[in-house]
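This report describes one protein chain, from single residues to the overall fold.

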Amino acid sequence: MNPHLEKLHPYPFEKLRELFAGVTPHADYAPISLGIGEPKHPTPAFIEKALTHAIAGLSSYPSTVGSEPLRAAIAGWLERRYAIPALDPATMVLPVNGSREALFAIAHAAIDAGRPDALVLCPNPFYQIYEGAAYLAGATPYFVNSDPARNFACDYGSVPIDVWARVQLLYVCSPGNPTGAVLTLEDWRELFELSDRHGFVIAADECYSEIYSGSTPPLGALEAAHQLGRSAGNRPYQNLIVFSSLSKRSNVPGMRSGFVAGDPQVMKKFLLYRTYCGGAMSPPVQAASIAAWNDEAHVQDNRTLYKEKFKLITPMLREVLDVELPDAGFYLWADVRRTGLSDTEFARRLYAEYNVTVLPGSYLARDAHGTNPGRNRIRMALVAGVDEGLEAATRIVQFCQSLRAAS
């Protein structure tokens, strides 16, 4: 067996099950889960219709590159959303079965396994796929801690030059999971300069880009590159590829539909890799994806629902926890130290006493540079309906008030 498998950590939800082992939640409360970032808003009917109307497509093998109409729809959405020049759908866009498997696969395409000192730079806390991909590609993850003083952005200036020299792949998550932090144009300028100097690929995970509370959408990687003059020339978007998905944007997590787009030279190599191991997207899913990428009304409606929840729930929780609105995404990243409990104790007792599930922040991060930046925080996914979200918030407030009364 692959010896690198021994390096993998238990997935956060496996650790959560262990934490809750032997606990019987209070019988007076129906279960509410804020632990998993799985959208619960209804799937738009027109997407379901497009999927079922294309069911005859199951009779043929799909190609790895996807259909021309799907690649054109994705390219068109990117151009409209980020105000960037037209992308070549044939060389700069690749549909994938959800961003998760593509984020994992890019490490195997980008990492030179012959270099035992190869590093994959990851934010900390982070989406677990980054770490697992690094290990199984024969590299070592190097974590850059998020900094509350920087609105949870990573301080890339703290990374030593000798570390950058070993980096072959940089995972960036903006808006971030779980912090909601969005990289600025100056952040991107710094990363592009480092990539030019050291030659590493930047994999920008942008799955939460369409959920935000303000009036201005989050800055995207391709958008930043264009504004910094990197979208033209012989190699547009050099060493930059972005990953996105319909799961959060369109409430279709079970459809497993996303894309990778960017530097045509990196995309050519990635397509070669996926020709051997990448699952092609089924024709019905491609048809439904075209419909989804070509419509913005349902995305605006979805964003309005999230805005309403954040507007109602955040002030309630702010009374008992240290928590603020994120830049974007659908998570609240709350500091629980005011309660006198650790993040794991808070999650376990909240589940036992009020039947609400939240995820300990330390499960989403690693000890790095003398600290675990997720420790004493919890991640709450505001994915349920408004009423259920308000009920969960009410119970959390009651729980915190009971702790305060008992102290």
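Glu131 counts as buried, at 3% relative accessibility (buried is under 20% relative accessible area, exposed over 50% and partly exposed in between, with a 1.4 Å probe and protein chains only). Residues are numbered from 1 along each chain as its sequence is written, and side-chain values use heavy atoms, with hydrogens and water left out. The model is predicted: local features need pLDDT of at least 70 and side-chain atom pairs count only at pLDDT 80 or more, while totals for chains, interfaces and linings use all residues. Glu131 lies in helix α6, residues 128–136 (helices are DSSP runs of H or I with at least four residues, strands are runs of E with at least two, and both are numbered from the N terminus). Leaving aside neighbours within four places in sequence, Glu131 is in contact with His9, Phe126, Pro141, Phe143 and Arg366 (contact means heavy atoms within 4.5 Å).

Glu68, in contrast, is exposed, with a relative accessible area of 62%. Its place is in helix α3, residues 68–82. From Glu68 to Leu321 the C-alpha to C-alpha distance is 49 Å, and the two are 253 residues apart in sequence.

## Backbone details

The peptide bond from Asn124 to Pro125 is cis, with omega near 10°; Pro125 is in the loop between β3 (119–124) and α6. Another cis bond runs from Asn177 to Pro178, with omega near 15°, and Pro178 lies in the loop between β6 (167–173) and α8 (185–198).

Ala83 is not a glycine, yet has a positive phi of about 50°. This residue sits in the loop between α3 and α4 (89–92) and counts as exposed at 59% relative accessibility. Asn239, also not a glycine, has a positive phi of about 60°. Asn239 is found in the loop between α9 (221–227) and β8 (240–245), and at 8% relative accessibility it counts as buried.

## Overall fold

The protein has 15 helices and 13 strands. Its radius of gyration is 21 Å, close to the 22 Å that the globule rule gives for 407 residues, so it is as compact as a globular protein of that length (the radius is taken over C-alpha atoms, and the rule is 2.2 Å times the number of residues to the power 0.38). Along the principal axes, the C-alpha trace spans about 65 × 55 × 45 Å.

Buried residues make up 55% of the 407. Among contacts between residues at least 6 apart in sequence, 74% join residues at least 24 apart.
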